[in-house]
Structures are given as C-alpha cells and as structure tokens.
Amino acid sequence: MSNDQDRIVTLQLNAQMSFLPIAVQCVETVAKAFGLGREESLKLGLATEEIFSYLSGKVCRGQILDIRCVNCISYVRVEFRFPVSVLDMGALNIAAAVSCENEDDMAQMGLVLASRSVNRLYISEERKNHICLKIEKDKHYPPVQEITVAPVAVKGALTVGTPDADGIKLYVTRVARGSSHMPRPHYFQYPGQVVDMVAAGDCQVLTATDSRGECAGGVLFHFLKASIIEVFGPHVFDPAREEEIAGMLLDACIAGTVRTKAIGLLNLTGMPSFLQSQFEHLGLMKNYSHDGEAVDRSAFYRLLHEDPGCRVFTDLVLKDYLQREYKRLFLAREIREVCDQGETHTGASIFSADLYRERSVAILNPLWPGADLDANVNNHLRFLKEEGIINIFFTLDLGVSWQASLMTVLMNNHFQPALIIPFAGQADLLIFQYDRTEP
Amino acid sequence: MIEPNLDYLVPAYVREFEPYIPSKPDPELQKLYGCNHLYRLNNNENPLGPPPGAQEVIRRFPPPRGAIYPSGDSYYLRREIAACYGIDPDQVLVGNGANEVITFVIKAFCEQGDNIITADKTFAVYEWVAVFSGIETRIIPLKHERFDDRAMLAAIDEATKVIFICNPNNPTGTYWSWDTLKNFLDEVGGKQIVVVDEAYFEFVEAGDYPDGMSLLNDYPNLIVFRTFSKMYGIAGLRIGYLAGDLKVVDMIRRTCVVYSVNGLAQEAALACLRDETGHIRRTRELVRESKVFLSAEMAAMGLPVIVGEGNYLIVKLPGSDTLAYRKLMHEGIMIRPMTGFRYPNHIRVTLARMEAMKAFVAALKKILA
C-alpha cells in the first residue's frame, strides 16, 4: 500500500466506561473494512473491550486514550497509547491479575483475556510514562494445498530476484510440502499470507530461478528488531546444486540488507551446514512442544559491519559467563560490573510480555525497575504456566545498567542464559530461557 | 516538555537511513581489542604520509593562522590545479574531501523523482548521499568485477540525472579503458551528468587507463573527482576536488558551502601538487612490492584475490569477513570487511609497508588455522 492514510484509522477519546461501546464498535468496523473476517473482527473487538475496560478502570481512568487501527494487510493491529502514572504502572504487567488477592475478580484479567483473543500482544514504553499496548489479529488464510510437489531439476544459469505473487506462493508451497526438518514460522503454511506480508513490507522474499523459470530455492527475511534481520533459509529445492543455490540466495540477501538499518543477520531456525561457516554460532535455545519433546535450536549470526565495540553492564553472577562468551565471539566489550549497594528501590516493576500463542512462546522484557523484581518474575512464571505457555524467554538489554540487577533474580528463578545477540538493544541482548525441568 | 514529533518533522528517507558509524579512534580500539599496536590497513592510506613539502607546510603552520578564515573557495589551489590541467580555475571546485563534492553534485542536479545510477560493489557514498536526499539509486551489478557499461546505459531513463563511475573501482581495482569510457560518454550523448571518480588516479600504471581531465573539453557533461587523501597522504586534512565544464561547475557551485576547506589543507594540497621529490614514484614502488608479496602469500594459502589498480586488494576468506575483522583486530591488524561493499566473506587490505604486510599475513594464518 502506498498511502499510509489509507491504512490507518485513529480514534481519540477519554478512558471512561461510557465510551466503551464507541471503542469496540470502531475497532470491529475498521477490522472488517481492513479485510478481517467476521469471527476475527469480533475477537479483536472482544480484546478491545477487555483492554479498554481495564485501562479505564485500573490504569489511566479519565485520561486521553489514542486508539489507532492499522491495516497491515495480513493482519490488523490495534494500538492503544496512554499516559500512566508511576503508581499505576504495575497494573500493566500482564501477570498483574495473578497477584490479586481475589483471583475471581475478572476486572483484573483484562490483559489476560485480551491476549487470548488475539495472535500477538506487546507492551512498550514509548517515552517516559507513555505506554503503547498493541494487539494483532491475523486474517484467515487457506492452508497450503495438499499437493505433491515434483522435484526440481535445475537447468542452466540461475538468477536471483524478487518473485511476483505466484512465485512467492510457489516458493512457500515448496517449503511447506518439502521434506526439510528445518523449523519454520507458522505462516509458511499459508502462501497467501506470505504474499500479503511481502506486500505490506513485513518481510522480503528472494528466489533463485533457472533458465526455464523453475524455482530452485528461496529465502525469506524480515526485521526482527530495529537493527537485526531474521533470515529463514535459504531453502533449496534441487540438492544437486545445493551449495550454488544457497550461496547465491544468501549473497543476494546480504546485498539487499547491508545498506539498510540492519547491523546483523540472525538465523534461529537452521541453515545448510555449508553456510554455517559464514555465520557465528551464538548458542542454543530449546524448543519445547506440548508433548514434552525438546529440540535444540542453534542461533547463527553475522555482523554486517565492523564491530564498533560497546559497554555492557553485568551483575557479578554473570560476569564470568559474559567474559567467556565475548572472548569466544571475539566481540570487543567493556564489561562493567554493577551491584546493589544498599540503595532504596521503590515502586512496581513492569515487564512487557510478547505472547505468541501459536508457538507457545512468551518473551518477557523489563520496561521499568522496581522493588518487586523477584515477586514480579514469579508472578509472570505462574501466569504463563497457567496459560499453557511452555517456551518462556527473558531478554535483558546489557546496555541498560539497571537491568543487570535482574540477572540474579532470573538465575534464582531457574532461568539460564542461552545466548547473546549483538546490538539487538541499546547494546547486546542477553536471552535467558526458563528451564522447564525445574518445578 | 513537549517532544518534537520526528515522524512528522523528518522525511521518511532520512528516518529510514542508517547513519554510518565510523571506527572509534585508534587508542579506543586498542583498548577495546586489547592490542598494543595497530596496523591500519583499512582505509587505503599512504604509509609514506604526505610528500616532504606538504609535511613541511604542516610542521610550519603558524598557530595564529588558526584564527584566520581560509580562502573561502580555495583560490590559490584552484589556480594551481587549473594550471596543471590547462583548464580555467572556475572549472574547479574544492571540497572538504571528495565526499563533500559528491554531495554538491547530487544537490545540484537531483530532486525528488530523479535517479542516479551507480554499481552495487563500489564506493558507498554515492548511494548514501542519494538515499538520504530522497533520490532513487539504481544499483547495477558489476560484471566480472567491472562496472557494466551496457547495463548502466540500459538503466538510464528520463529521470536519470547523474551516473557515478569509480575508475579505478574501489574495491575491485578494475577500470574502464580510454575506449570504454569514451564510448560510454558518446552513448550518453550529454543527456546526463557522468561523474568519473578518480580517487586512485595516481596509483594507476596501466597504459590504457584514461585521464578524465583530458576529456573535459570534449564532454561538457563529464565531471572528474580527485582527492588528496590517497596518493598525497593528507586524508586527515580532508580535501578533494571536482573539475568539469565551466557552465556545469557554475551550477554545482550554487550548492557548495564556502569556507568548508581549512587553510592548512589548502596549503598542504598546493605543496602536494608541487612535489618534485618523487613521492608518487616511491609510493608506486611500495605498492607494487606489497602487491606482489601479498598476492603470492594469499595464493600460497589458497585464498583467491581480486587485485587490480590502486593501493589495495581483496582477499576471499573461507568464512565471515566481519568475524575475521574482529579476530584480526585482536592481533593488532585493522582491515576492511567487504560485506558493506556487498562482497560478503571478502576483506580489503591496504597495500602498505612490508612490515605491515608480513604482520597481516602472520595474523591471517593464525586466525585461519
């Protein structure tokens, strides 16, 4: 879509219950106009109802609330922007309901209920005491067809380029119907969704075609963070020329991203072994499934530019770990130790929770410090377990000094450091994974 | 306090542009990487430094002159350059490094909706300036490591204003011959501005390499860039220039910020042009010797090289170039990883003194072992 005006509808109103029907009606109507089906629109309306009630009652009663609906083509996003006083910020923890004395009080469950009706929910602090809460609902797409895909025998010279809609669908179908055990995002089951994602600029696809126009392979990539691009693939459909095809696709992916805002490429879903030497192995994360099986996932990374070095903060508990990891990765870091020297901590901490229910994944990020870090981590763990989320991660920005105080708290709550993603935050991000073998 | 709405105030093409982050100063890098020395093989600097006359100018620059504005348009230097090439001083514009004259040209000729044409694997600044000015950049892939003249001509349309050719190309060292350049200019037919960036002109020894300055009279749409940063070794003073047709340069002058070139740089550049001590010969000998040495060493290690004109060569590594950069930094060697030039897994190495070349080879062997 070329014109932002065509894809955004905004509503500004007071956060008071009498305006609830306006907010809900607006979101439902806009969702339908933006192409969501009836069921998805109703669910987005339901989530809006829960969030609006919660904000009006607990968080920013009587304050100006901006609601922005965005047509992201493959999904609709609703953004709630509001001011919040320090005293009320604790209520923004998605696990706040868990800490209530009376857990039957449904009014406390607003964010939880909302999260159940949508595909993704994010909270972030855009500026001091100004919060943005986003919910996203995907459009419904037919799954990939149950067809047998004939093997490809590539002929002649290969060219890499941006495919048209049919080319994207063919690539996605081949990946979905192929025999590769490489894990992939759920949208690889929905070719039409990937076409829409490309049209919206949410991701890019490059394919390699032979002299007859046969699709020999492809790669999909998108911005995961402001300066990190996540790469899926390269996927190769003719094993006889695997190295050549994968190499061309990766080179084209790098050429297309190297002069953007990206600092690094990240691959969390595996890649052909012969390409791994072009990347650095950051570490392993476990991917648990509901049947209890755990699969190790390697994280591969490559910087696109020189490492300018930076300062990172740590608690003593992880100083050795960081020194070891930075030495292994040859990253130049000034590691500065921070420690509690008896200063007073007040108020409630806030963690944002990115929930990806289709993958049973939660990623917690600290937004605001407080005196209750341990209790808040515990609350989130209880909440996520009750919600059936089995892959729980916690990210710390090593460039933000106060976040280092969470290291001991996380370790005491059975989180383990899994890997460092360079420059994924103000400095590097340290990813912790919750150890499910612990009670 | 009300914060400015940067989404509204800043054009999208600026917001989306990732600013280039230059390397930290050497002492900071040495501290970060834990090395007690640093061979700078990343920026194609001349290890011999400036010619003796320019060194003398720098040494004797009177401190009180620091309070005096320089010539706003590099008056004497333009006259000297013009005398060297038999052109009018007003055909010359001096800038704070060649980077600044790139900006002058794009500002003078391009507006939103226009495009420029250049190559994918070349000096990045043409592309950067166009992108953060909201000008479309048409990136034409190199063919056999050379600028692809046919593809560049085919990419021209009504909105094309400027074509940038780096000759010899940084980083491949390939170049267009007299015939190729003249045929290209003939086919463009004066409809677009053709910039030939000759930053490495003085290093080239090949007989069929064209001197863009000698073509200015025949092609009024031709602009030639030169710099004092490479062969003349005054990169730290930031000074470069462009030359072109009188009317064309008069247009570019309108976008040129006067007083951007400091007085010391102007005087040192004058001394560079007047050098009669054989600075260019000495530098070429050093580059030749290092090129032969390094090519042989890389061949012995089984590492392919891309080597041509200029004081640099490219080495293809078996793995990530950005990782190699970090490993080499720990050994006190700073090279240029080439991913940013769209050559992933390649590094560019400045051809420098033998001591530095040997240190580089030893460090490379160590990190690849």
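**View 1. Where chain B meets chain A in this predicted model.** Chain B puts 26 residues into the contact, and chain A answers with 24 residues. On the chain B side, the elements giving two or more residues are α3 (26-33) and α13 (321-330).

**View 2. A closer look at α13(B) on the side that touches chain A.** Here α13(B) is the top contributor, giving 6 residues to the side of chain B that touches chain A. As for the make-up of that side of chain B, it splits into 9 nonpolar, 8 polar and 9 charged residues.

**View 3. The two domains of chain B.** Domain 1 of chain B comes in two stretches, 6-49 and 278-368, while domain 2 of chain B covers 52-273. Going by C-alpha atoms, the centres of domain 1 and domain 2 of chain B sit 23 Å apart.

**View 4. Domain 1 of chain B against domain 2 of chain B.** This contact brings 29 residues of domain 1 of chain B together with 27 residues of domain 2 of chain B. Two helices and two strands each give two or more residues to the domain 1 side: α2 (12-15) and α12 (279-300), plus β9 (305-307) and β10 (312-316), all of chain B.

**View 5. Zooming in on α12(B) at the domain contact.** With 4 residues, α12(B) supplies the largest share of the side of domain 1 of chain B that touches domain 2 of chain B.

Conventions: Residues are numbered from 1 along each chain as its sequence is written. Chains are lettered from A and ligands numbered from 1 in the order in which they are written. This is a predicted model: local features need pLDDT of at least 70, side-chain atom pairs count only at pLDDT 80 or more; totals for chains, interfaces and linings use all residues. Domain bounds come from an automatic or database domain assignment. Two residues are in contact if their C-beta atoms, placed from the backbone, lie within 7 Å. Ala, Val, Leu, Ile, Met, Phe, Trp, Tyr, Cys and Pro count as nonpolar, Asp, Glu, Lys and Arg as charged, and the others, Gly among them, as polar.
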